[in-house]
Amino acid sequence: MLKIYNKTNFHKHTFCIFQEVALDVLNDLKLHYKSKSGSSYYFVVGGVYRYSNHWGRAANCKWRLISNTANKGRTKLGYANWSDFYPDNDFEKLYFIEVDYSSQSAHFNHFKNEKYSPDKVLRTATETTKLLKQIRSLLEETIWTKHLKEVSIEVLRKEIIEQLITTNKSFQEIKRAYLQS
């Protein structure tokens, strides 16, 4: 059964990606709730606006903000439709990893999101966090390439990361296969 989220339950163990919007949107909205941590919430028929200085882990939720404005400040306004909220817990395999090689960034996403494809391995939140940390390190560092054959680091990096997100192989298994070939 598909859970429907709204202003009464969106903040209970959910994952969501908010889109940053311009602050002037608040001029026409009424504040509905202010959390103990200082985040402000504005409910509309289709979703929720959140004005906050902290994103990522919010109480028992995983909420990420996609920034798309020139606002360099810490406090930002994000919007999400009610349909953008998905259930979250620590024991089910709900998450997959996306990598943007052009920006050298990696993020996790929920399998109910339209971006999910079956070639991506689903993992628990803990497994995803651990692998995401490793992938970000692979994107930033090159020390791991010192014993590998002469090959383009960018090509090798992409091949290894793609194996990490589409198989259950460990980095050590993948690296060992490259050393043997």
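1. In this predicted model, the loop that joins β8 (86-87) to β9 contains Asn89. With a relative accessibility of 15%, Asn89 falls under the 20% limit and therefore counts as buried.

2. The side chain of Asn89 has polar partners within the chain. One of its polar atoms is placed 3.0 Å from the backbone nitrogen of Phe91. A polar contact, at 2.5 Å, also links the side chains of Asn89 and Glu92. When residues up to four places away in sequence are set aside, Asn89 touches Leu94 and Ala125.

3. Helix α1 (residues 125-140) packs against helix α2 (residues 153-166), with the axes 10 Å apart and at an angle of about 175 degrees. An angle over 145 degrees counts as roughly antiparallel, and α1 and α2 are therefore described in that way.

4. On the α1 side, the contact is formed by Leu131, Ile135, Leu138 and Leu139; on the α2 side, by Arg157, Ile160, Ile161, Leu164 and Ile165. Sorted by class, this contact comprises eight nonpolar residues, one charged residue and no polar residues.

5. The largest nonpolar core has 17 residues, and those touching the most other members are Ile97, Val99, Ile135, Leu138, Ile160 and Leu164. At least two residues of this core come from each of β9 (95-100), α1, α2 and α3 (171-180).

6. Leaving out residues up to four places away in sequence, Ile160 touches Leu138, Trp144, Phe171, Ile174 and Tyr178. Another core, of 14 residues, lies apart from the largest one; Tyr5, Phe10, Tyr41 and Val48 are among its members.

Methods:
Residues numbered from 1 in each chain as written. Predicted model: local features only at pLDDT ≥ 70, side-chain atom pairs only at ≥ 80, totals over all residues. Heavy atoms only, no water. Axes fitted to C-alpha atoms, helices over the stretch in contact; angles between N-to-C directions. Helix = DSSP H or I, 4+ residues; strand = E, 2+ residues; numbered from the N terminus. Parallel < 35°, antiparallel > 145°, perpendicular 65-115°, else oblique. Contact = heavy atoms within 4.5 Å. Nonpolar A, V, L, I, M, F, W, Y, C, P; charged D, E, K, R; others polar. Core = buried A, V, L, I, M, F, W, Y, C linked by side-chain atoms within 4.5 Å. Buried < 20%, exposed > 50% of the residue type's maximum accessible area, 1.4 Å probe, protein only. Polar contact = N/O pair within 3.5 Å; in protein donor to acceptor, adjacent residues only side chain to side chain.
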